[in-house]
Amino acid sequence: MSALVATSAPEVRSSQGFRFAMLLPGALVTFLLILFALGLVLFLAFRNNDGSLLGAGFTVANFVTVVSDPLYWTVTLRSLIIAALVTLATVVTAYPVAYYLAFHAGRRRGLLLFLVTLPFWTSYLLRVFAWKIVLAYNGVLNSALIESGIWSEPTLAFLNTPAAVVITLAHAYAPFAILPIYVALDTIPKSLIEAASDLGARPFTSFRRVVLPNSMPGVLAAALVVFVPTVGDYVTPALVGGPASTMIGTLIQAQFGKANDWPFGAALSVAVMLVILAVVLVARFADRRFGSRT
Amino acid sequence: MSTARAQGGGRWLGVYVVAYLVFLYLPVLLIPLFSFNNSIQAAFPLQGFTLQWYATLFGNSALTGALLNSLVIGAIAATGATLCGITVSYMDLYGRSPLAATISAIARLPILIPGVIVGISLLILINLIGLGPSRIAIVLGHILVALPTTVVIMRSRFAAIPKTIREAALDLGASDWTTFRRVMLPLSLPAIISAFMLAFLISFDEFIVVFFLAGTEPTLPLYIWSQLRFPKSLPTVMALGTSILAVSFIIAAAAEILRHRGLSATAPKPADPSQPKQTKRGELQWHST
C-alpha cells in the first residue's frame, strides 16, 4: 500500500493498465454473459412471438397468460412444493452430518468432508440416471424386492411419480447442503456452548437455544443452494417423473424447443426469477432475525 | 457424566453418518455394478461377469467424437473460467474499487439462477450476436457455470496469503504486475490448478445448460442423453457412465488434495512483517512441498 505513496507518471500508467487488464475478463463475462443476457430475457418476455429472434411489438400478454391460465398455476405450485420438499429433506438429513463433522469427527473430519463433497463433482445426469435404473419396472428395486420374496410381482408404482422426483432430486442435491451448515456450525465459538453448559443448560437445551440459532445462517444458505436449482429443474422430471410431475423448467425448455414460443418461455423464466427473488428476500429477512454473523 | 452422554450421542450420530454416506453412494455405485453384469437389464439377480459392454465403447465413432468434443470444450472453458476466477477475486480483494467488488458479486450470481434460465438467456444472446448453437457457445456457457466455483476457490486462496507478503513486494518496488505474477500467482498455484480441474469437471459433466447451446456436435452428457431413449443401449451407457465416474473421482480427489496442500504451505506459518525476505521464503515453501 505504501508503494502507492510515491509514484511517477509511467508507473501510474502501468498500474492503470494492470487494473484494466485484470478487470477486463471478469467485466466481459459478468456484464455481457450474465447481466446483458438476463436483460435480453426480460426484454423478450414483453414481446409478441412472430417467429423472429427478438419478437415484435410490446405486450404484457405473455404475463397475462402466465397469471390467468390455471395450467401454469398448477405447474408452478407443483414445482414449488417439490422444491420445498426436496429442500426440507436435504437440509434436515444433512444437518446431523454437518453437526457430526463440526463437533465429533475428530481426526476423521478431513476424510469425511472429502467423502461428502465427492459426489458433488460427479455427473448430475448420471446421478439422476442411477435412480431411473433403481426405480424402473424391471429395475433394481423391483427385482430386489421380488428376489427377497417381499413382493411377488414388479410394480409400476415407483417410476413416473412426483415422489420419485423428490427422492431423486434430494439425493442429487444432498452434497450441496452439508458444507454451508458445517461452516456455520464450525464457526460457532466453543466458549458459547461451554458457557451454556456451565450455566446449567442440558445438552439438548444448549443445542436448541445456542447451537441451532447460531447455525441458522448456514441452514438458510444450504436451503437456497438446494432450492434454486431444483425449482427450475427439467432433467429429473423428464427421466423419472412422468407426465404427472411436469415442472416449470420443463415448460420453459419446451417453449425454447418444440413449442417454439421464445417470448412466452422468457416470461415464464422471469416469473421463476421473481419467485426465487421472493424466496431470497424471505431468507434474507430470516437471516437478519437470527442475527447473521456474516 | 454429561461428556459420557455426549460421546454416546456422538456414536449414534456416527452410525447415522455412515448410513447417510451409504445412501449417498449406493445408487451411484449401482452403475459400475451393473456395467459388469452380463444382462441387458439392470436387475437382480446378477447374471455373471462380463466386459462386453466396455468393448462396445471402442470403435464407436459418435462416442469418440462426443468425448473429444467434451475434452476440448472442458479444457478451453476451464482455462477461461480459471482466468476469470483469478482476476475477479484478485481485484475484489486488492483492487479497492467498487467496480471490482460489483463484478465479483455478479460473478457469484449464477448460483441463484436455475440452469434452465442460464441456458435460455445464453441461447438468446448467442443467436443475437450471430454465433448460434456451437462449440464456442458451449464454452461461453460453461465459463459461466464454472465461474462461481473458480471465484470462490481463488478468493479464499488469495485471502489466505498473509497480506504482508504482497505489501513487502510492493514496498520493495515491485510493480502491481510483477507482484501479481512473481509473488501472488506462484503462491496460489495449487489453488489455480485445483480451480482449473474442478472447472474442467463441471464442464465435462454439465448437461442442463449445454442442452440449449449445442449445435450438431454433442458433448458426452448429450450423447448419454440421446442414448437413454434406447433400452438396448442401457448397458453401454452404464459402462460409459462408470468410466466417467472413475475419471471424475480421480480428478476431484486430486483437486481436493492440491487445494489443501497449497493452504498448509503458507497459512500455518504466517509471515513476520518485520522480515521482507518472507516473500522468497513463501515461494520456496511451496516448491519444497
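Visitor: Which residues touch the most other members of the largest nonpolar core?
Guide: This is a predicted model. Its largest nonpolar core has 162 residues. Three of them touch the most other members: Ala98(A), Ile181(A) and Leu122(B).

Visitor: What does Leu122(B) touch, not counting residues up to four places away in sequence?
Guide: Some partners lie in chain A and others in chain B. From chain A come Leu33(A) and Ala37(A). From chain B come Ala137(B), Leu140(B), Gly141(B), Phe212(B) and Leu213(B).

Visitor: How many residues are in the second, separate core?
Guide: This core includes Ile161(B), Ala168(B), Ala169(B) and Leu187(B). They are part of a set whose count is six.

Visitor: How many residues of chain B are in contact with chain A, and which helix gives the most?
Guide: On the chain A side, 75 residues take part. On the chain B side, the number is 76. The helix that gives the most to this side of chain B supplies 16 residues. That is helix 1, residues 2-35.

Visitor: What share of the contacts in chain B with a separation of 6 or more joins residues 24 or more positions apart?
Guide: Chain B has 289 residues, and 45% of them count as buried. Now take its contacts with a separation of 6 or more. Residues 24 or more positions apart account for 78%.

Visitor: Where does helix 10 of chain A bend?
Guide: Start with the span of residues 203-231. A straight helix of 29 residues would span 42 Å, but helix 10 spans only 37 Å between its end C-alpha atoms. The helix bends by about 45°, and Pro217(A) follows within four residues of the bend. The bend is at Met216(A).

Visitor: Which residues of helix 12 of chain A are buried?
Guide: Helix 12 covers residues 248-255, and seven of its eight residues are buried. The cover includes helix 3, helix 11 and helix 13 of chain A, together with helix 5 of chain B. The buried residues are Ile248(A), Gly249(A), Thr250(A), Leu251(A), Ile252(A), Gln253(A) and Gln255(A).

Visitor: Why does Ile82(A) count as buried?
Guide: Ile82(A) is found in helix 3 of chain A. The cut-off for a buried residue is 20 or more other C-beta atoms within 10 Å. Ile82(A) counts as buried because its number is 25.

Visitor: Which residues does Ile82(A) touch, not counting those up to four places away in sequence?
Guide: First, a look along the chain. Thr230(A) is 148 residues away from Ile82(A), yet their C-alpha atoms are separated by 8.1 Å. The residues touched are Pro162(A), Val165(A), Val166(A) and Met247(A).

Visitor: Where is pLDDT under 50 in each chain?
Guide: Chain A averages 86, with 94% of residues scoring at least 70. Chain B has a mean of 84, and 87% reach 70 or more. The stretch in chain B is residues 267-289. In chain A, the stretch is residues 1-5.

Note on methods:
Residues numbered from 1 in each chain as written. Chains lettered and ligands numbered in written order. Predicted model: local features only at pLDDT ≥ 70, side-chain atom pairs only at ≥ 80, totals over all residues. Contact = placed C-beta atoms within 7 Å. Helix = DSSP H or I, 4+ residues; strand = E, 2+ residues; numbered from the N terminus. Expected span 1.5 Å × (residues − 1). Bend = angle between axes of the 7 residues up to and from the residue. Buried ≥ 20, exposed ≤ 12 C-beta atoms within 10 Å, placed from the backbone. Core = buried A, V, L, I, M, F, W, Y, C linked by C-beta atoms within 7 Å. pLDDT = per-residue confidence, 0-100.
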